[in-house]
Every structure is written in C-alpha cells, then in structure tokens.
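Here is a briefing on helix packing and ligand surroundings. Please read it alongside the model.

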Amino acid sequence: MRGLEDVIACETSISRIELSGEKTILEYRGYDIRDLAKKSCFEEVVYLLLYGELPKKYELQDFKIELAERRELPPQIIGLLTHLPPYTHPMVVLRTATSYLGSLDKKIDIKTREENLEKAKNLIARFPTVIAYYHRIRMGKNLIPPTLSLGHAANFLYMMHGEEPSKTAEKALDMDLILHAEHELNASTFAARIAASTLADMYACVVAATGTLMGPLHGGAAQEVMKMLREVATPRRAEDYVKNKLKRGERLMGFGHRVYKNVIDPRAELLRKLARKLASEGESKWFQISEAIARAAFKYKKLLPNVDFYSASVYANLRIPDDLFVNIFAMGRISGWLAHIIEQYENNRLIRPRAKYIGKKNRKYKN
Ligand code: ACO
C-alpha cells in the first residue's frame, strides 16, 4: 500500500476522524473540535489531550499558571539561538533547540508517567519562547521575556511584537492552536510514535516529529500557500494562475488531503471563518485572493482546501512572518505529539513494518 493509505497502524484514544456521509467527525478525546474551537482555550485543550479529561475550573486555572511559569528558557538555549546563523529556518532552530533542551535534562531517560508529563509541560510552554526569541534575535531586536499575565497565545504574540495583542488577535491565534493541536496519525505524529516505540527519549521523539512536520507536503504547506498568495497578488489573477499551474501538472499548496478526499477538512472550514473575520477587521487582500484560488481549484480539479490553506491568511493578518507559519503549527501540534508519545510509551510494541523487495536478486559479487 503506497504511502500506507488507509492502513490502521495503531490504536488510540486521543482523537477520532470519521467520515460518514455528509458529516465529518473530528473529535479530541470524544469532544467535537467545533465545540472546542468555539468554547475552549488552548491550555484547556492541552490538558484534555494530556490527561484525557477536561479540567475542572480550578484545575484549568492551576494548569495555566503552571504552563506560564515554565515559559522562560535556560540561558544555554538563548546562547544557542544567538549563535545559529540568522538565515537558519525557524523549524531547524526549533528541532535543534529541542535536542539541546534534552541534553540539559538530567532525567532525560526517566519515563514514569509523572516525569513524562513534566517534560511535556516544559516543552509545550517553551516552544513559543524559542520561536519568538529566535525571531527577535535574527531581526537584531531585544528579547521580550514571557509574561505571567497573558495566556499561551497572547503571550506568544506579545513576545513576538513587543505589545499586547488585541482580543481579536488573541482569540484568533488561540483558536488556530486548538485546531492544529491534534489530528490522529498524521505524518509527524506517526514519526513521533515510531521514535517512541523504540523507547527513545521524549525529546528525540519530538525532534523526529518537528523534522517531519516541516516538509511542504505536511505543515510546510502554509508557507508555500503564502508564497502563492503573494505571486497571485490580486483576486482577478487567481483563476488563470490555478488553471495554468494545474495544466503544468503542479500541486496547488494547501489543497488535497490523504483522509479528507471528497469532503472538506472541518478545520479548513473553521479557519476560513476565522480568516474572514480577521479580514473584515484588518487586511482583506489575502483572504480575497484565497477565496478566488479556492473557487478555481474546485472548478478545475474539484480540489478542496486543507488546514494549511486559510491558516496562511490568518497568520498574515496576525503579522507573523511567512517562514514562521510552520512553527505556529508546531506550537499547537506539540500537544498532540506528546499525548501520542505518552500513549505509545504506556502500551508499547516496537513499530517495525516490512518492505516488499523489488530490487535485483542473487547477484554474484566480483571485485
Ligand atoms: N494539487 C493538485 N492536485 C492534487 C493536489 C494538489 N494539492 N492534491 C491532490 N491532488 C491530486 C493528485 O494529482 C491526484 O490526481 P490524479 O489522480 O489525477 O493523479 C489526486 O489528487 C490524488 O493525489 P495523491 O497524491 O494520491 O494524494 P495523497 O493522499 O497522496 O496526497 C497530499 C495528499 C500530500 C496532502 C496532497 O494532497 C498534496 O500534495 N497537497 C499539497 C500539499 C499540502 O497542502 N499539504 C498539506 C496537507 S495537510 C497537512 O499535512 C497538515
């Protein structure tokens, strides 16, 4: 089966995707993502993914504080961010910093449930700081330390831009992180689970996932979408652009999905609404171009947008640089990766499939 399409490779109780007729189900731990996107916050979703249940009010309060208190980076990591060449892609930075965080953790090999959760909370809390600090360092700007008074999403925007975000921007990023938090056995989560199945340490598993997410056929697609929006530049050029690209047999980034073939990715639907809201209150150009591209993609090849398509105009409106788009994805998805890594550790069997050999056989060795 090329690309392991439709192969069931593990059991999980973390998320469920079900395509039944018109209705597409996507649930985290049994809760519809539409409800979570509307009513929850990212920290609550992280709690749900890690612990399996929604927190009580006081538990959420404590959890938010606990995450916020873990945001600052060890000085060695700040040193690393300062020494990396400023042209390093921020995802390369993220996986390098993750590895370095592992080298600083004296309990790296301890895998009790308590210690796994400890590591997970540290990583989730620190990902945004690594991203924002590196961005400011490469821009030659001063570092803005995290603040305890803001939630996970708002604090990231604050560390990036040096000012507190508007309520709209805060809610938009928060919802975006919820929508990116988890998605069953996508490629990066599978990579994390394969690493976990060898009983590699948690940092190694997250490095494997981070490296896998970066590819343009996975999370790297959103940066490519933005490139396309810039190339198209105006909605009236969208149709020709799409038609010609498809005629040349090229892929349209932000479209198509291994699981959602003929139905819309529910996350794309929610992100479209979010992008439209941000466009109505700020820069509308990117959303209008996106809409024109989506219409043409459907007209010429019945292609539907995936989670990365409308993310691009959402991020552009939040003043996030193009090459950080995939890092924002990672900021959300790390919670799903960690839930899967812990699930794998707790009921482990080495993941080791077989390959069908199609090469030459029985050749005589001659020197
Ligand atoms: N642009 C043009 N044609 C496409 C696209 C696309 N984005 N996606 C699928 N197709 C077409 C293929 O050409 C193929 O058509 P054909 O049968 O006429 O040859 C058909 O749809 C099936 O495509 P596959 O490559 O078999 O689909 P697969 O499930 O292997 O790929 C993938 C899924 C990689 C996501 C693909 O749709 C793609 O390359 N999309 C663009 C990159 C992208 O947006 N990635 C993000 C995915 S979401 C995520 O990871 C978070």
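This is a predicted model: local features need pLDDT of at least 70, side-chain atom pairs count only at pLDDT 80 or more; totals for chains, interfaces and linings use all residues.

Residues are numbered from 1 along each chain as its sequence is written, and side-chain values use heavy atoms, with hydrogens and water left out.

**Helices H4 and H6**

- Helix H4 (residues 75–83) packs against helix H6 (residues 113–138) at an angle of about 40°, and their axes are 9 Å apart.
- Helices here are DSSP runs (H or I, at least four residues), numbered from the N terminus.
- Axes are lines fitted to C-alpha atoms over the stretch in contact, and angles run from 0 to 180 degrees between N-to-C directions.
- H4 and H6 are therefore oblique to each other; angles under 35 degrees count as roughly parallel, over 145 as roughly antiparallel, 65 to 115 as roughly perpendicular and the rest as oblique.
- H4 and H6 cross in a right-handed sense (the near helix is turned clockwise from the far one by less than a right angle).
- H4 contributes Ile-77, Ile-78, Leu-81 and Thr-82 to the contact, and H6 contributes Val-130, Tyr-133, Tyr-134 and Ile-137 (contact means heavy atoms within 4.5 Å).
- By class, this contact of H4 with H6 has seven nonpolar residues, one polar and no charged.
- Ala, Val, Leu, Ile, Met, Phe, Trp, Tyr, Cys and Pro count as nonpolar, Asp, Glu, Lys and Arg as charged, and the others, Gly among them, as polar.

**Helices H6 and H10**

- H6 also packs with helix H10 (residues 202–213), at about 40° and with axes 11 Å apart.
- That angle makes H6 oblique to H10.
- The H6 and H10 crossing is right-handed.
- On H6 the contact uses Asn-116, Lys-119, Ala-120, Leu-123 and Phe-127; on H10 it uses Met-202, Tyr-203, Val-206 and Thr-210.
- The classes are six nonpolar, two polar and one charged.

**Helices H11 and H15**

- Helix H11 (residues 221–232) meets helix H15 (residues 307–317) at about 70°, with axes 8 Å apart.
- H11 is thus roughly perpendicular to H15.
- Their crossing is right-handed.
- Ala-221, Ala-222, Val-225, Met-226, Met-228 and Leu-229 of H11 touch Asp-308, Phe-309, Ala-312 and Ala-316 of H15.
- Nine of these residues are nonpolar, none polar and one charged.

**Ligand site**

- Of the 21 residues around the ligand (a heavy atom within 4 Å), His-218, Leu-252, Gly-254, Phe-255 and Arg-258 come nearest.
- A side-chain N or O atom of His-218 is 2.7 Å from a ligand oxygen.
- A backbone N or O atom of Gly-254 lies 2.8 Å from a ligand oxygen.
- For Phe-255, a backbone N or O atom lies 2.8 Å from a ligand nitrogen.

Conventions
Helices (H or I, at least four residues) and strands (E, at least two) are DSSP runs, numbered from the N terminus. A polar contact is a pair of N or O atoms within 3.5 Å; within protein, one must be able to donate a hydrogen and the other to accept it, and residues adjacent in sequence count only if both atoms are side-chain atoms.
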